[in-house]
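Work through the exercises below with the sequence and the model at hand. Each task is followed by its solution.

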Amino acid sequence: MADPQKPDLDELLASRLWPAVLIPVGVLSALVAVGIWLAPTFPFLPVALLLTTIVVAWRQRGDALMADETGLWVRRRGRVTRRYRWEEISQAGLTRPGFGQVALAVYPHGGPWDVPGPNNPVVVGRVWMLRKPDPQTTDRINALLRSRGVPAIDLQRPTIGA
């Protein structure tokens with residue numbers, strides 16, 4: 001699916017509405033219940049946390065990682081920005097940076113003292129998904145990376161990065 005702001009972009013990963021809202025709501029509902037049970041005179045703090053998390057998740061529901069012939073793009077809060085050109089990436093792979101989230105870990109070219117350096121990944125396009133992407137999506141992303149000259153790697157554990 002293409003982005004209406006940039007019609008030539010191919011959407012690789014996109015946040016889904018229900019995981020983006022239900023995961024924080026479920027976690028914070030439990031915290032609200034525990035907070036009210038532990039401190040019945042101060043229930044406003046857990047309720048404020050719950051409402052804040054719902055608003056943040058709602059605003060992130062349209063986030064996406066997209067690609068075109070020149071590189072990767074990220075749609076965040078309705079704005080599309082360039083992240084990396086294909087020539088700047090030494091390798092990349094899908095990762096799960098947090099519960100209910102999927103992203104692309106990009107290892108940019110760089111010297112040993114560059115930030116990030118060649119061995120430090122940057123998490124790009126963090127989106128909300130309840131499960132891992134289906135095998136067809138993973139294969140499509142890996143095929144796109146390989147077609148652009150970027151080695152696709154398989155990351156088994158979450159990657160730490162910005």
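**Exercise 1.** State what share of the residues is buried, and describe the surface and the fold of this predicted model.

Solution. Buried residues account for 40% of the 162 residues in the protein. The accessible surface comes to about 9600 Å², and carbon and sulfur atoms hold 62% of that surface. Next, list the elements: the protein has three helices and seven strands, in the order β-α-α-β-β-β-β-β-β-α from the N terminus. Finally, take the contacts between residues at least 6 apart in sequence: 58% of them join residues at least 24 apart.

**Exercise 2.** Determine how strand β1 is placed and paired.

Solution. Strand β1 covers residues 10-14. Four of its five residues are buried, so the rest of the structure largely encloses β1. Its pairing with strand β2 (residues 64-67) is antiparallel and has four bridges. One of the bridge partners in β2 is Ala67, which pairs with Asp10.

**Exercise 3.** Identify the residues with the most contacts inside the largest nonpolar core, and find which elements supply the core.

Solution. The largest nonpolar core has 22 residues, and those with the most contacts inside it are Leu13, Leu65, Leu72, Trp86, Ile89, Leu104 and Val106. At least two core residues come from each of β1, β2, β3 (71-76), β5 (89-95), β6 (101-108), β7 (122-128) and α3 (135-147). Apart from this core lies another of six residues, including Leu9, Ala14, Ala64 and Met66.

Now take Leu72 and leave out residues up to four places away in sequence: among the residues Leu72 touches are Leu12, Leu65, Arg82, Tyr84, Trp86, Ile89, Leu104 and Val106.

Conventions:
Residues numbered from 1 in each chain as written. Predicted model: local features only at pLDDT ≥ 70, side-chain atom pairs only at ≥ 80, totals over all residues. Heavy atoms only, no water. Buried < 20%, exposed > 50% of the residue type's maximum accessible area, 1.4 Å probe, protein only. Contact = heavy atoms within 4.5 Å. Areas by Shrake-Rupley, 256 points an atom, 1.4 Å probe, with all protein chains shown as cover. Pairing = 2+ DSSP bridges. Core = buried A, V, L, I, M, F, W, Y, C linked by side-chain atoms within 4.5 Å.
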